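Me: I'd like to learn how to read a surface patch and a barrel. Can you walk me through it?

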Amino acid sequence: MKNVFLPCIDNSQVKKSFLLLLFFAILFNNETIAQHYKEQNLFIEGGVRYGTALYHPQSAIYLKNLYYGGLEVRFGKQTNGKNQWERMLYYPSYGVTLKYSSYYNFFDSPNVRKERNKVMGQSIVLSGYFQGSFFRYKWLNWNYQIGMGAAYFTKIYRKEIVYKPDILTPDPDNPNNYINENGESTPYPDNCLISLYVTPYINLQMGFDFQLTNQFDLCLNASFNHASNASINMPNFGINELQGVVSMRYHFSPKREFLKIDTFPKFKPQNSLFFTIEPGFLIARYDDNYYFKTGVSLGYMRSFLPVLRAGASFEAFYVRYLAHSRDYNKEEWEKPNSPRIPMPKDIYTGAVYGFVELAFGRYALHVGAGIYVFKGPGQAKTKDLAQNWDNGGTLKRYPLLYEKIGFRIYLGKNLNYFVGASLRAHAPVADYLAFNFGFKLVVFKELLNRKGRKEYIP
């Protein structure tokens, strides 16, 4: 039977989704499990996504007029204000999301959809998310959402595989159908947007939640999604998606009363000196080679509020050449008077870096920017590994600034240790994905003595 109500999802997908939701319903109706979820103020949410991939010049043939749909399931926790940061951020929620998308235009004829899907494939995303509120009323919540995770793609760029597309021409006997003809082989086979099966994923979302009953919400959101591999492999154009999301949320606990505490206990700002190490790996756009890159930093951080930290540090990076990539062209690089002068095998940089963190208990969103004070030797002084080639074979302008966005998890009884990951970029080009570990060397609080002068004690 034709699917009338969900034209963007075929019947097999609907059946699978129904069986999955039925499984969860049976599981959560278990008295012991359901009681646990009620006490923890947990919820489950299911929805439909529909939208488009934003235009990208390198893949215009794949992304033109591409409107596709998908499904998602969320599992999360609604905070109620027991912790101070929950009240200061208007009772946010957090959890994990599982998303499925199929990259073809659902309103095209079946053979056109099949041809496009041979190129773009499907994706499955698993990510954590944090949802805060701009405004909250009894039955209305105006929210924002930040999510990070990993995306799995079924179709990726494979240079060693020759792709032979079908040429689709209109059927004169049926204007709504197309005829397949054999096309010429091409050395650029398929999805040049994605070159790794598993890539980093970022989600930014905004919308409204409407409380229908004590346990059900209707959620309407606009979502921006980005997936790319952060220069781990090439090509790394990535895919940007803009979608609308309609979902229903079920709260296991019928009581969603927030603890209304208008006053907050006095917060004593905390100061600390910290040390961080950030190893990473990249393939350079400049010379098509693989590099190991790691950084260390020493800096100062201050907690102004339970939800806000800021600081600055000096960062030093070491970059080491590892091997040629699969796209390395030795003859091109060794031509006389070639503009492609190889980078040195060892590169050193130093920079001053500033950052802010939005904290949610042990978890923090980290955003910062740095400025180079030293970079070398040789070509590394004026060229950068992250930059791409312009038309005519010249390099883009060497960037003075770099940016980072990532997350951190603070560990230990006094939250003196942290681990996390961050994406470093020379906007808009990704540099590399770094994993970081750090600890606070010295922690001291700021107090006022009887004479009104500040004293710093460990």
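Reply: Let's start with terms: helices (H or I, at least four residues) and strands (E, at least two) are DSSP runs, numbered from the N terminus. This is a predicted model, where local features need pLDDT of at least 70, side-chain atom pairs count only at pLDDT 80 or more, and totals for chains, interfaces and linings use all residues. Residues are numbered from 1 along each chain as its sequence is written, and side-chain values use heavy atoms, with hydrogens and water left out.

Me: How many helices and strands does the protein chain have?

Reply: The protein chain has six helices and 19 strands.

Me: Which element gives the largest share of the nonpolar patch?

Reply: That's β15, with three residues. V373 lies in this strand β15. V373 is exposed, at a relative accessible area of 55%; exposed means over 50%, buried under 20%, partly exposed in between (1.4 Å probe, protein chains only).

Me: And how do strands pair in general?

Reply: Strands of a sheet pair through backbone hydrogen bonds, either parallel or antiparallel. Here, two strands pair if DSSP finds at least two bridges between them. In this model, a closed barrel of eight strands runs β1-β2-β3-β4-β5-β8-β9-β10, with antiparallel pairing.

Me: How many bridges join β9 to β10?

Reply: 12 bridges link β9 (residues 216–227) with β10 (residues 239–251), and the two run antiparallel. Look for A222, which stands opposite G244 in β10.

Me: What part of the protein chain is buried?

Reply: Of its 458 residues, 45% are buried.
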